[in-house]
Amino acid sequence: VAHQVGKNEIAMDLIGKALVFSPDFAEAHCNLGNVFKELGKRDEALASYRKALAVNPDYAEAHFNLGNALNKWGEPKKAIVSYRRALAINPRYAEAYANLGCLLQLQDKADEAITCLERALEINPAYHEAYYNLGNAYKNVGDLDKATASYLRALAIKPDYAEAHNNLGLSLLDLGKPDDALACFNKALAVNPDYVEACNNIGLSLQELGRDNEALVSYRQALGLNPDYVAAHYNIGNVYKDVGRLDESVINFRRAIALHPEFVEAHNNLGNVLKDLGFLDEATVVLKRALSLAPKYDVLHYNLHALSLGAETLATSIASMEEAVAIAPSNMNYRFMLGMLLDYSGQGRKAAQQFDRIIAAEGAENPQLDAWRYIKSANKSLPAMVGSPIEAFEMGFLAAAEEGLVLEFGVRFGASIRQIAALADQDVHGFDSFEGLPEAWDNQPKGAYSTHGAIPTVPENVTLHAGWFDKTLPKFIKKHPSPIRFINIDCDIYSSTKTVLDMLAKRITAGTIIVFDEYIGNPSWRDDEFKAFQEAVETYGWEYEYLCFSFMTKQVVVRIK
């Protein structure tokens, strides 16, 4: 009783006196082990349990408690042996089944873990912790419906079970139900206001719902509870990446890596952001560091290939994609990229082997293959390849006319217009409704990509024009009669792109550079920006050439001749 109410010193004294009277009192040795375990005294706890078992080898509870101690002090395989011995003596020992199931789950023995946890619940149907752990086991094998049902059973027994609310939320989030998940995480936090993981997961739900600013508040709340909480730093980095605040994204990914140097996903995302910022050498170093930690992580090889697309380094890019395909042979995007690179480098036979696999899997109408055939036929010689938006912008400005307007259509969070403003060294005008797509596109509903009216922070040389293009452009054209030097068209859809090109047609002259952001490779690419441009070429008699293209970013850079 003294031990149960936390009076461990009194308990130890009393048990010691009992053992003076009866040195072979197995229960006393076992209880003394429990006290030592509670006090963190490893050697003394293990010795006490073993003395109990020396007195009574068939003492199931001593085997069970020895297993708990071994697990606590980092010997899970020995703990499993102890739990099995306890069950051999007492086949209806629900706690032993439950603890064994948890350890088997950690040993990647999911089916056996589930069997043990279900057996624990047959013996004790009111065992809420077993339902919780069964939910974890089902979640780990991807059976989210059964995981959800198990967490709900745990909560029916114990409504204030914070961990069950939290993990139920994670399952609902994986099931694509962020609103329901958010409610669960809030319940977990109501039960335990210091629950750091729940704060973080509230942020994940809000981010999924497009409520990025609120997500940042939740992640910062998590860091207020634990400044070294790695996941929150990483998730803040992801929010900033998604909203185009790339410099701040870098800071937070670096913080996550400083706390957890082997955090592969943080290295990967940091490398991608550095690439998009134009720091290609540093991005290469970061991604290679990630590969040293996870050599079989196909995404890293894929991302690394985009940093070696120059003529002198193309073999390196091909080697990266060969690794990605070897690791994930069923990924047809990887096979396309490899085939396209081989074809680009003149290795047509090898390229055909990759393309044939794609056609066999997806059919001849694969949009990427269609777009690649088009790119090969469009110029007298193949245009350059790039792997990041800033490389496309840099190439565009190098070829652009010396004077004229610099414009962007589709600003959203302002990531690209900030890069354009730095390269242009002149006034830049950005146009966006900030209300998202005016119509559905590419499985995205009307209103997708909205900033909900929020206007991004931009450099001093940028002027933003909020509103639909057909309303803002006529006023702008009247005030700015100059020809166009450079346009970034990130409209995505045909109708918006057509509006821009038709209204600006008289200003698009020889030397104008047009960067299209969603031009090639999407399922509907021939009906989107591409279609609007080709119609404008026919209508206005433009001659043009492609300066570069990217299947990584779906961009092309066009020069009007």
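Student: Where does Ser205 lie?
Tutor: Ser205 is in helix H12, residues 196-208. Helices here are DSSP runs of H or I, at least four residues, numbered from the N terminus. This is a predicted model: local features need pLDDT of at least 70, side-chain atom pairs need 80 or more, and totals for chains, interfaces and linings use all residues. Numbering starts from 1 along each chain as its sequence is written, and side-chain values use heavy atoms, leaving out hydrogens and water.

Student: Is Ser205 buried or exposed?
Tutor: Ser205 counts as buried because its relative accessibility is 0%. Buried means under 20% relative accessible area, exposed over 50%, partly exposed in between (1.4 Å probe, protein chains only).

Student: And what does Ser205 touch?
Tutor: Leu173, Pro178, Ala181, Leu182 and Phe185, leaving aside residues up to four places away in sequence. Contact means heavy atoms within 4.5 Å.

Student: New topic. What does Leu100 touch?
Tutor: Ile80, Tyr83, Arg84, Leu87 and Cys116, again not counting residues up to four places away in sequence.

Student: How many disulfides turn up?
Tutor: A search of the whole structure gives 0. A disulfide is a pair of cysteine sulfur atoms within 2.5 Å. For Cys116, the nearest cysteine sulfur is that of Cys102, 9.8 Å away.

Student: Last one. What lies over the face of Tyr494?
Tutor: Lys531, at 4.8 Å from the ring centre. A charge sits over a ring if NZ of Lys or CZ of Arg is within 6 Å of the ring centre and within 35 degrees of the ring normal.

Methods: Helix = DSSP H or I, 4+ residues; strand = E, 2+ residues; numbered from the N terminus.
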